[in-house]
Amino acid sequence: MGRRETIKALEVIGLSEVYLKTKIEKETDKAGLLKKLFESFKDCSKCSLYRSRRQVVFGDGNPYSPVAFVGEAPGEEEDVQGKPFVGRAGKYLNRKLEEILNMKREQVYITNVCKCRPPANRKPTSVEIATCLPYLRQELQIIKPKVICCLGSTAAEGILGKKLSITRLRGQLFSYPYDQKIKVFFTYHPAYILRNPRSEAEFVEDLEKLKELIGQS
Ligand code: URA
């Protein structure tokens, strides 16, 4: 029986609203799907990062956000708290989101390419990135944002599958290779801006462009 016939049949016994509500909730329960995904890999030991991490750090925020920010990997504070971007770079990012996008952190979705902290916050290796990528891809397929915003070169490498200079990529818009309906935008990593404040104007310019792309007034 098709959806229409099912609704008709249920209407006869006064149950169509219940059916539709259940169906809609099932189709859009992104939080539930993310929880299931996280449960499936929270004990991951596929690369050596599991030996030194405190915990796997999964994405955080609004799963219905038009934009998903993707960073590199958790740092010390993230490893302790189990949430991405809660350290210095995260606080700076939060400020810029409010100032430029008029969005609070809770309104957007934030995640990382690598879900475990590399020792001494070193850059994740290409092998570590590739090992963790299936999790990020599944996460993004659940969120289906309008725009994926890559923060820095590691995120760009993870999303595009090749190493490209973030200075060249910044401000540009690509299609996400795994879902052409999703666009990919690039800017600097907030930690880079904290180390190189002279690039802040470019970062602000990129976020203004992102604001237009996601139609945020
Ligand atoms: N840098 C990242 O790339 N991700 C975090 O979660 C924190 C800092």
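What follows is a chat about this predicted model.

Q: To start, how many helices and strands does the protein chain have?
A: The protein chain has 10 helices and 6 strands.

Q: And what share of its residues count as buried?
A: Of the 217 residues in the protein chain, 35% count as buried. As for contacts between residues at least 6 apart in sequence, 70% join residues at least 24 apart.

Q: OK, on to the sheet. In what order do the strands come?
A: The order is E1-E3-E2-E4-E6-E5, in an open sheet of 6 strands with mixed pairing. At the edges are strand E1 (60-61) and strand E5 (173-176), each of which pairs on one side only.

Q: How many bridges join E5 to E6, and which way do they run?
A: There are 4 bridges between E5 and strand E6 (residues 179-187), and the two run antiparallel. If you'd like a spot to look at, find Leu-173, which stands opposite Phe-185 in E6.

Q: What about E4, how is it joined to E2 and E6?
A: E2 and E4 run parallel and are joined by 4 bridges. E4 and E6 also run parallel, with 5 bridges joining them. A handy residue here is Ile-148 in E4: Ala-68 stands opposite Ile-148, and Ile-148 stands opposite Val-184 in E6.

Q: Why is E4 described as largely enclosed?
A: Because 4 of the 5 residues of E4 are buried, this strand is largely enclosed by the rest of the structure.

Q: Got it. Which strands does H7 lie across?
A: Helix H7 (residues 153-160) lies across strand E2 (67-71), strand E4 (147-151), E5 and E6. Its direction is at about 135° to E4. Helix H10 (residues 200-213) packs on the sheet too, where H10 touches E2, E4 and E6 and makes an angle of about 155° with the direction of E6.

Q: Back to H7. How many of its residues are buried?
A: 7 of the 8 residues of H7 are buried, and the helix is mostly covered. The buried ones are Ser-153, Thr-154, Ala-155, Ala-156, Glu-157, Gly-158 and Ile-159.

Q: What covers them?
A: The cover includes E2, H6, E4, helix H8 (166-169), E5 and E6. Just past the end of H7 you'll find Gly-161, with a positive phi of about 80°.

Q: Which residues have a positive phi without being glycine?
A: Asn-102 is one of them, with a phi of about 55°. Asn-121 is another, with a phi near 60°. For background, most residues other than glycine have a negative phi.

Q: Where are those two, and are they buried or exposed?
A: Asn-102 sits in the loop between helix H5 (88-101) and strand E3 (109-112). With 11 other C-beta atoms within 10 Å, Asn-102 is exposed. Asn-121 belongs to the loop between E3 and H6, and with 15 other C-beta atoms within 10 Å, Asn-121 is partly exposed.

Q: Changing topic: how do H3 and H6 cross?
A: The axes of helix H3 (residues 30-41) and helix H6 (residues 126-143) come within 9 Å and cross at roughly 170°. That crossing makes H3 roughly antiparallel to H6.

Q: Which residues make that contact?
A: H3 brings Lys-30, Leu-33, Leu-34, Leu-37 and Phe-41, while H6 brings Tyr-135, Gln-138, Glu-139, Ile-142 and Ile-143. By class, the contact of H3 with H6 has 7 nonpolar, 1 polar and 2 charged residues.

Q: I also clicked on Tyr-50. Where is its place?
A: Tyr-50 lies in the loop between H3 and E1. This residue has 13 C-beta neighbours inside 10 Å, so Tyr-50 counts as partly exposed.

Q: What is Tyr-50 in contact with?
A: Leaving aside neighbours within four places in sequence, Tyr-50 is in contact with Cys-44, Ser-45 and Cys-116. Tyr-50 and Cys-116 are 66 residues apart along the chain, and their C-alpha atoms are separated by 6.8 Å.

Q: Last one: what surrounds the ligand?
A: 13 residues surround the ligand, and the closest are Gly-71, Glu-72, Glu-78, Pro-84 and Phe-85. The shell divides into 6 nonpolar, 5 polar and 2 charged residues.

Definitions and conventions: Residues numbered from 1 in each chain as written. Predicted model: local features only at pLDDT ≥ 70, side-chain atom pairs only at ≥ 80, totals over all residues. Pairing = 2+ DSSP bridges. Contact = placed C-beta atoms within 7 Å. Axes fitted to C-alpha atoms, helices over the stretch in contact; angles between N-to-C directions. Parallel < 35°, antiparallel > 145°, perpendicular 65-115°, else oblique. Nonpolar A, V, L, I, M, F, W, Y, C, P; charged D, E, K, R; others polar. Near = placed C-beta within 6 Å. Buried ≥ 20, exposed ≤ 12 C-beta atoms within 10 Å, placed from the backbone.
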